[in-house]
Amino acid sequence: MRIYVPRDSAAKALGAEEVVAAVRAEALRRGLEVTVVRNGSRGMVWLEPLLEVDSEAGRIAFGPVGPGDVAGLFDAGFGSHAKALGPTEDLPWMKAQTRLTFARCGVIDPLSLDDFQAHGGLAGLRRALGMTPDAIVAEVTDSGLRGRGGAGFPTGIKWKTVAGATADRKYIVCNADEGDSGTFADRMIMEGDPFTLIEGMVIAGLGVGADKGFIYSRSEYPDANAVLAEAIRLARAFGLLGASVLGLGPAFDIELRIGAGAYVCGEETALLNSLEGKRGVVRAKPPLPALEGFMGKPTVVNNVISLATVPVILERGASFYRDFGLGRSRGTIPLQIAGNVRRGGLFETAFGMSLGAIVDDLAGGTATGRPVKAVQVGGPLGAYFPRALFDTPFGYEEYAQKGGLIGHAGIVVFDDSADMLAQARFAMEFCAIESCGKCTPCRIGAVRGVETVDRIARGDAAAIPLLTDLCETMKAGSLCALGGFTPYPVMSALTHFPDDFHRSAKEAAE
Amino acid sequence: MMPGIADSAEQIGEILRAHDGLEGPLIPVLHAVQAAFGYIPGDALPLIAQHLNVSRAEVHGVISFYHDFREEPAGRHILKLCRAEACQAMGADRVAAHARDALGIGWHQTTPDGSVTLEPVFCLGLCACAPAALVDGRVLGRVDEARLDALIAEVRP
Ligand SMILES: Cc1cc2nc3c(=O)[nH]c(=O)nc-3n(C[C@H](O)[C@H](O)[C@H](O)COP(=O)(O)O)c2cc1C
Ligand code: SF4
Ligand code: FES
Ligand code: FES
């Protein structure tokens with residue numbers, strides 16, 4: 001008998017290890033032969049730990065399972081039980097998705113190359129090995145894939161720049177510094193299907209002529225880092241990495257590096273400085289990292305999801321991927337639904353879903369049962385959306401038009417107890433804490449921003465235009481998006497929730 | 001020289017040699033030193049600087065830039081509480097205030113008995129089961145006051 005209990009850190013955070021211990025103890029007590037597979041997460045975090053068993057009708061799910069449920073599940077023969085959910089694939093959350101990047105996540109044993117290949121793994125790379133580098137890059141360009149790390153730059157065009165550069169060494173750097181609040185897609189794929197990321201990096205190496213890759217992950221992700229380290233070791237032993245990719249291609253190897261708790265190191269040039277062993281200070285562009293990146297050499301810097309989506313594009317073809325989506329946002333996006341929600345987790349779907357459908361239908365409203373007040377999309381530099389903007393379809397341009405950004409597709413829901421002045425203050429405080437210090441509007445502006453919000457909180461309404469001016473200065477005068485985009489959460493809070501700013505003025509006056 | 005210092009110099013030398021050949025080895029070296037000692041001892045700076053052929057000021061600049069690196073020992077347990085938005089939406093501020101009260105310390109401080117150091121963290125990728133915490137590298141979700149009290153009792157017998 002096979003029992004699946006995720007090793008994903010959200011499942012662990014909700015007690016998966018205790019469930020596994022209970023399963024093993026119960027199997028031993030009953031003298032049953034049980035194999036426990038530690039899969040990734042299916043992304044239904046509200047049902048974690050989600051336990052699955054194999055059956056003739058496919059995998060059957062139970063959740064959320066606590067250690068106390070385990071004996072009862074054995075008694076019921078993993079049939080009828082209060083925690084029974086039916087076949088996993090038939091659950092509405094699963095059925096409504098288009099899982100391309102996350103097709104294997106939660107399904108396979110993340111550290112089994114056999115499982116990986118049995119579910120389509122390496123098909124994209126095998127096809128790429130028969131193509132010219134130009135054709136690989138063209139395939140990625142034609143797919144319409146844009147960077148999933150936030151800026152949305154076309155991945156194929158970036159690759160083309162690196163491919164066209166002449167140098168003795170080129171690098172592929174995977175940006176796994178996923179620092180945005182509300183995001184966990186990178187973590188989930190690294191824990192649930194790390195070979196997909198490795199495969200994507202190898203294909204990138206073939207496309208641009210690089211033989212060395214780095215994954216820059218974060219110290220806040222100890223579980224993901226352990227899975228990645230083991231996956232790289234297994235990939236080397238298998239010959240996927242090493243002197244000749246699968247014995248058919250050129251050399252490619254990957255080194256895992258761990259950051260040290262600086263949000264700004266997610267910015268690509270700060271990341272490169274950090275990789276080189278320096279302070280994570282942002283570099284001025286130009287030069288583009290594509291031409292002068294790691295150690296001054298041409299470097300592809302791509303987000304985890306951008307790279308992990310490359311295999312399916314190579315496997316199924318550019319037009320298959322491009323046919324999903326809306327406007328200039330092609331393909332699928334793993335929405336990460338978080339914060340105060342009834343159903344939180346990862347939902348991969350074609351671009352275009354409205355924010356209202358995401359928050360009201362998918363997430364089912366708030367966990368507290370109170371009305372939704374605001375939704376922050378795109379991490380700490382993303383705007384707060386009020387219900388009035390819930391018709392916004394999910395896409396890069398569509399969000400920009402509404403004064404926001406999709407960023408890494410994190411969606412954080414707040415109920416009506418949220419104080420938007422406090423959220424604006426936090427945005428400034430975060431910028432002040434994480435500023436790399438290179439430019440004054442960010443380094444000093446964010447500190448002034450906190451002080452200005454505090455003045456507003458004390459009832460000084462005259463400080464409101466000062467806050468607006470300060471945001472303009474930060475927007476215009478910052479070198480990177482930390483200082484440049486902190487005005488998004490601040491100004492959206494002020495614009496869409498003015499009562500929270502004036503109310504404090506009134507309250508203080510009374 | 002005290003015997004302890006000679007021992008640690010030996011250990012730091014081993015760490016440095018183990019990282020020879022890496023491109024840009026400083027961050028991995030600092031992580032390894034901190035993993036071995038619990039912090040970056042001041043004595044380590046000249047050794048690292050000399051081995052990597054950079055100035056001491058440069059090494060110090062790097063150590064002070066990154067939130068993870070500490071120049072003083074931490075408590076026996078490190079409790080990291082997420083302070084970021086998704087956790088805020090689920091009451092992280094309240095839980096953090098409770099932690100500071102229960103431990104009688106502020107952020108970045110260690111309890112007088114040396115048992116717990118309290119650190120803020122900005123997102124653990126557990127935003128769909130917020131508020132989140134990391135205790136000595138172990139992840140915890142949906143952390144409320146009761147769960148926190150149980151945890152503190154566990155690490156502070
Ligand atoms: C302050 C700041 C933080 C960032 N953090 C991340 C991050 O954690 N992960 C990421 O992939 N990109 C992040 N980015 C975007 C990167 O600079 C860069 O655009 C991205 O890694 C490029 O990869 P992509 O084209 O595949 O998205 C950040 C940018 C800024 C300004
Ligand atoms: S905006 Fe802030 S984080 Fe970005 S380069 Fe300037 S000081 Fe550094
Ligand atoms: S991320 Fe584009 S300029 Fe800073
Ligand atoms: S915001 Fe707290 S874990 Fe992501």
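In this predicted model, an oxygen atom of ligand 1 lies 3.5 Å from a polar backbone atom of V301(A). In chain A, helix α9 packs against α13 at an angle of about 50° and crosses α11 at roughly 40°. In chain B, α2 and α3 cross at roughly 150°.

**Surroundings of ligand 1**

- Ligand 1 has 20 residues around it, of which G149(A), N175(A), N302(A), N303(A) and S306(A) come nearest.
- The side chain of N302(A) places a polar atom 2.8 Å from an oxygen atom of the ligand.
- The backbone also takes part: a polar backbone atom of R148(A) is 3.3 Å from an oxygen atom of ligand 1, and the corresponding distance for a polar backbone atom of V301(A) is 3.5 Å.

**Packing of α9 against α13 in chain A**

- Helix α9 (residues 185-192) and helix α13 (residues 304-316) of chain A have axes 9 Å apart, at an angle of about 50°.
- On the α9(A) side the meeting residues are A185(A), D186(A), I189(A) and M190(A), while α13(A) contributes V304(A), I305(A) and A308(A).
- Six residues of this contact are nonpolar and one is charged, with no polar residue present.

**Packing of α9 against α11 in chain A**

- The axes of α9(A) and α11(A) come within 8 Å and cross at roughly 40°.
- These two helices, α9(A) and α11(A), are therefore also described as oblique to each other.
- The crossing of α9(A) with α11(A) is left-handed.
- R187(A), M190(A) and E191(A) of α9(A) make the contact with D223(A), A224(A), V227(A) and L228(A) of α11(A).
- The class division here is four nonpolar and three charged residues, with no polar ones.
- M190(A) of α9(A) takes part in the contact with α13(A) and in the contact with α11(A).

**Backbone geometry in chain A**

- G63(A) and P64(A) are joined by a cis peptide bond with omega of about -10°.
- P64(A) is located in the loop between β4 (58-62) and α3 (70-75) of chain A.
- A cis peptide bond also joins P286(A) and P287(A), where omega is about 5°.
- The loop that holds P287(A) runs between α12 (268-275) and β9 (299-303) of chain A.
- L246(A), although not a glycine, has a positive phi of about 55°.
- The position of L246(A) is in the loop between α11 (222-238) and β8 (253-258) of chain A.

**Chain B: elements and extent**

- Chain B contains seven helices and four strands.
- Along the sequence, these elements of chain B follow the pattern α-α-α-α-β-α-α-β-β-β-α.
- The C-alpha trace of chain B spans about 50 × 35 × 25 Å along its principal axes.

**Packing of α2 against α3 in chain B**

- Helix α2 (residues 26-37) and helix α3 (residues 44-52) of chain B have axes that come within 12 Å and cross at roughly 150°.
- Angles over 145 degrees count as roughly antiparallel, and α2(B) and α3(B) are therefore roughly antiparallel to each other.
- The crossing of α2(B) and α3(B) is right-handed.
- L26(B), V29(B), L30(B) and V33(B) of α2(B) make the contact with A44(B), I48(B) and L52(B) of α3(B).
- By class, this contact of α2(B) with α3(B) has seven nonpolar residues, with no polar and no charged ones.

Definitions and conventions
Residues are numbered from 1 along each chain as its sequence is written. Chains are lettered from A and ligands numbered from 1 in the order in which they are written. This is a predicted model: local features need pLDDT of at least 70, side-chain atom pairs count only at pLDDT 80 or more; totals for chains, interfaces and linings use all residues. Side-chain values use heavy atoms; hydrogens and water are left out. Axes are lines fitted to C-alpha atoms, for helices over the stretch in contact, and angles run from 0 to 180 degrees between N-to-C directions. Angles under 35 degrees count as roughly parallel, over 145 as roughly antiparallel, 65 to 115 as roughly perpendicular and the rest as oblique. A crossing is left-handed if the near helix is turned anticlockwise from the far one by less than a right angle, and right-handed if clockwise. Contact means heavy atoms within 4.5 Å. Ala, Val, Leu, Ile, Met, Phe, Trp, Tyr, Cys and Pro count as nonpolar, Asp, Glu, Lys and Arg as charged, and the others, Gly among them, as polar. A residue is near a molecule or strand if one of its heavy atoms lies within 4 Å of it. A polar contact is a pair of N or O atoms within 3.5 Å; within protein, one must be able to donate a hydrogen and the other to accept it, and residues adjacent in sequence count only if both atoms are side-chain atoms.
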